[in-house]
Amino acid sequence: MEIMNVLVQHILRAWQEGISLKELQRRGVCLLKLELHCQKTGLYGHLLVTLQPQKHGLDTELPSNNFGPGDIVGLYEAAGQNNQICTGIVTRTASNSITIAVDEPQSNLVSLNQENLYCLLKLANDVTYNRLKRALNTLNHYGSGPASDLIDVLLCSSKPSGASDTKLLKFYNETLDASQKEAVCFSLAQKELAIIHGPPGTGKTTTVVEIILQAVEQGLKVLCCAPSNIAVDNLVERLSNHKLQILRLGRPARLLQSIQHHSLDAVLFRGDNAQIVADIRKDIDQAFVSFVLYFYSHYLK
């Protein structure tokens, strides 16, 4: 797996380096000659950098591209791909601008000013690979623990335990049909594993939401995972209609705007010390602007 990842990254890099930046822009994975429009602290403490085409004016639009919210990108000096300033995640795209969120300290972006030109390039997302690798390494070294029985069942080393008795449930969603109610009761009765299967549009997500609500009602803590951000966001949206403590893990830039207030960053932002942190960030922004002006007037002119 390690060799495969290195090979994929090598092929991608060779592909990018073997093609001119103009051709990459024509293919929609690169934006050239961008100017800094503004940069500010936002999105619960992340630095937001907005870029626009070189020529000013409301009618100046970005070239046709494949950039969208959630994409991982690299910000480069206009000289080329070997002068990367930082990486970030696209948070917003418009016809005449693009905004990215970066985690790097603002001091790393001191070279950004409205006199320079920049290049934005789509990067390969190796997050999934790294998470799979960590999970396999953890599984390989896992001994006895609370997940031992589940792992044995998943790897077919043992059979699932028998179903436990469940009490008569009062369903939150009274519109569930008989098969959905049966699936809820079946899932809650299983100790290790339950599978709900059905064609698209048969109400599987609605059933899962009911299972989560019933599990919380029983005093259980629930961890929800899904193959995509939008699938988890959909669950959060449906659960937010109920009085639950919901914590959405993940970068706010990759979440639906309607559920960003459930993100970890947002919860911390609303904490007891949030105002102190906000004042500190305001002071940092003011000091950063003053430093940029000083740096530009003394060293770049």
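**View A. Arg26 is exposed, at 62% relative accessible area.** The model is predicted: local features need pLDDT of at least 70, side-chain atom pairs count only at pLDDT 80 or more, and totals for chains, interfaces and linings use all residues. Residues are numbered from 1 along each chain as its sequence is written, and side-chain values use heavy atoms, with hydrogens and water left out. Exposed means over 50% relative accessible area, buried means under 20%, and partly exposed lies in between (1.4 Å probe, protein chains only). The side chain of Arg26 meets that of Glu23 in a salt bridge, 2.8 Å from N to O. A salt bridge is a side-chain nitrogen of Lys or Arg within 4 Å of a carboxyl oxygen of Asp or Glu. Both residues sit in helix H2 (residues 21–26), 3 residues apart, so about one helical turn separates them. Helices (H or I, at least four residues) and strands (E, at least two) are DSSP runs, numbered from the N terminus. Arg27 joins Glu23 and Arg26 in a network of salt bridges. The structure holds 5 salt bridges.

**View B. Lys122 and Asp71 pair through their side chains in a salt bridge.** The N to O distance is 3.6 Å. Lys122 is partly exposed, at 22% relative accessibility.

**View C. Lys191 forms a salt bridge with Asp149.** Their closest N and O atoms are 3.9 Å apart. This pair, too, links distant parts of the chain: Lys191 lies in the loop between H5 and H6, Asp149 in helix H4, and the two are 42 residues apart. Lys191 is exposed at 61% relative accessibility, whereas Asp149 is partly exposed at 41%.

**View D. Eight side chains, listed here, form a nonpolar patch on the surface.** They are Leu136, Leu139, Tyr142, Leu150, Leu154, Leu155, Leu193 and Ile195. Together they have about 720 Å² of accessible area. Areas come from the Shrake-Rupley method with a 1.4 Å probe; for residues, only the protein chains shown count as cover. Patches are made of residues with over 30% relative accessible area and no salt bridge, where like charges are joined within 9 Å and nonpolar side chains (Val, Leu, Ile, Met, Phe, Trp, Tyr) within 5 Å. Helix H3 (127–140) and helix H4 (148–154) each supply at least two residues of the patch. Leu193 comes from the loop between helix H5 (178–189) and helix H6 (204–217). Its relative accessibility is 37%, so Leu193 counts as partly exposed.

**View E. The largest nonpolar core has 19 residues.** A nonpolar core is a set of buried Ala, Val, Leu, Ile, Met, Phe, Trp, Tyr and Cys residues joined through side-chain atoms within 4.5 Å. Leu51, Leu75, Ile98 and Leu120 touch the most other members. At least two core residues come from each of strand S1 (30–42), strand S2 (46–53), strand S3 (72–77), strand S4 (84–94), strand S5 (97–102) and strand S6 (118–122). Setting aside neighbours within four places in sequence, Leu51 has contacts that include Leu36, Leu75, Ile98, Tyr118 and Leu120. Contact means heavy atoms within 4.5 Å. A second, separate core of 10 residues includes Val209, Leu213, Val236 and Leu239.

**View F. The buried residues of H6 pack against H5 and helix H7 (229–239).** In H6, the buried residues are Thr207, Val209, Glu210, Ile211, Ile212, Leu213, Gln214 and Ala215. H6 has 14 residues and reaches 20 Å from its first C-alpha to its last, close to the expected 20 Å. The expected span of a helix is 1.5 Å times one less than its number of residues. Gly219 follows H6, with a positive phi near 85 degrees.

**View G. Lys33 has a positive phi although it is not a glycine.** The value is about 50 degrees. Lys33 is in strand S1 and is exposed, at 54% relative accessible area. Cys156 also has a positive phi, near 65 degrees, in a residue other than glycine. Cys156 lies in the loop between H4 and H5 and is exposed at 69% relative accessibility.
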